[in-house]
Amino acid sequence: MTSTFDAHERAQWAGRAVAYRDSLAALCAGPASALLDAAGVVGGAVVLDVGTGPGTVASLAVSRGAAVVAVDAEPSMVALARERVPAADVRVAVLPSLPFAAGLFDAAVANFVLNHVGDPLAALTSLRRVVRPGGRVAVTIWPHPPPVAQRLWTDIFAAAGVQRPADLPRLDATADFARTVDGVCGLLRLAGFSGVLGSEFAWVHETAAEAWWNGPAAGIGATGAVLSAQDARTRTRIRSHFDHLTAPFTVGDGQLALPTAAVVASGAVE
Ligand SMILES: C[S@@+](CC[C@H](N)C(=O)[O-])C[C@H]1O[C@@H](n2cnc3c(N)ncnc32)[C@H](O)[C@@H]1O
């Protein structure tokens with residue numbers, strides 16, 4: 001049965017592939033190479049990229065010489081990924097259900113997807129099932145406490161006096177896990193992985209200020225859900241705090257340099 005959280009996620013991503021590609025996909029691309037390294041993806045490997053979005057990680061894996069299958073729950077993402085990565089086999093599939101035989105892949109990756117599923121443990125267990133013994137599964141999530149780039153949005157909303165809408169679904173407490181290296185590694189062990197490794201990957205995300213605004217303004221992610229719930233006057237107020245609080249990160253004409261970080265964690269299948 002689809003949880004309220006998962007139903008909200010389906011609605012939030014629906015039809016937003018192009019807006020995501022043109023805004024926050026560049027942010028999520030930051031740890032793509034570290035993610036593939038963590039999963040041991042080399043030329044000739046058969047790799048599954050889950051929650052592929054517009055195909056950033058799938059494309060990188062193809063450029064490493066891997067044979068790539070990619071899936072996403074959102075059909076508009078699948079369409080974009082097919083266009084961008086013609087060498088990959090791209091399909092619609094919704095975690096935790098993966099329509100593949102057990103042990104089919106040498107590796108599986110999920111870049112910023114575990115934070116979008118209603119049952120993260122079931123998602124990892126499903127990823128483990130489709131990878132062969134000796135293969136690895138690697139995932140990324142945003143850490144908590146949030147890095148500077150993500151914290152900026154919290155500060156912008158606080159300055160504008162905007163609260164998270166009470167009706168936004170939260171992950172069920174029994175399904176949740178700590179958004180830290182230890183938290184993700186613990187969940188991987190619980191899902192039956194061995195040889196679990198994790199670290200924080202830090203980088204500076206350079207972006208046009210407009211792209212940093214446009215993703216959430218188009219309703220993308222948790223920030224987008226908060227922004228979408230506001231009336232026009234409140235959005236105008238939020239925008240003025242956005243301009244003020246992002247100003248110290250300006251590095252050029254309309255460009256921002258935002259320090260950020262991801263948890264990158266992986267485990268082996270026995
Ligand atoms: C933050 S985006 C990351 C996209 C991509 N991995 C990247 O690096 O840009 C999250 C993606 O996960 C997909 N997604 C969310 N829940 C999913 C689920 N239960 N099963 C499969 N894909 C899911 C969304 O449709 C979206 O494309």
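Search this whole structure and you get eight salt bridges. Keep in mind that the model is a predicted one.

**D37 and R64**
- D37 and R64 bring their side chains together in a salt bridge, at 2.7 Å from N to O.
- D37 sits in helix α4 (residues 32-38) while R64 is in the loop between α5 (56-63) and β2 (67-72), so this pair ties together parts that are 27 residues apart in sequence.
- R64 is partly exposed, since its relative accessibility comes to 24%, between the 20% and 50% cut-offs.

**R239 and D243**
- R239 pairs up with D243 in another salt bridge, with 3.0 Å between the closest N and O atoms.
- Both residues belong to helix α12 (residues 232-246), four residues apart, or about one turn of the helix.
- There's a network here too: salt bridges with shared partners link E210, R239 and D243.
- As for D243 itself, a relative accessible area of 38% makes it partly exposed.

**D176 and R179**
- The D176 and R179 side chains form a salt bridge as well, at 2.6 Å from N to O.
- D176 is partly exposed, at 39% relative accessibility.

**Q163**
- You'll find Q163 in the loop between α8 (148-159) and α9 (181-190).
- Q163 counts as exposed because its relative accessible area is 66%, and the cut-off is over 50%.
- Leaving aside residues up to four places away in sequence, Q163 touches V226 and Q230.
- From Q163 to W13 it's 150 residues in sequence and 22 Å in space, C-alpha to C-alpha.

Methods:
Residues numbered from 1 in each chain as written. Predicted model: local features only at pLDDT ≥ 70, side-chain atom pairs only at ≥ 80, totals over all residues. Heavy atoms only, no water. Helix = DSSP H or I, 4+ residues; strand = E, 2+ residues; numbered from the N terminus. Buried < 20%, exposed > 50% of the residue type's maximum accessible area, 1.4 Å probe, protein only. Contact = heavy atoms within 4.5 Å. Salt bridge = Lys/Arg side-chain N within 4 Å of Asp/Glu carboxyl O.
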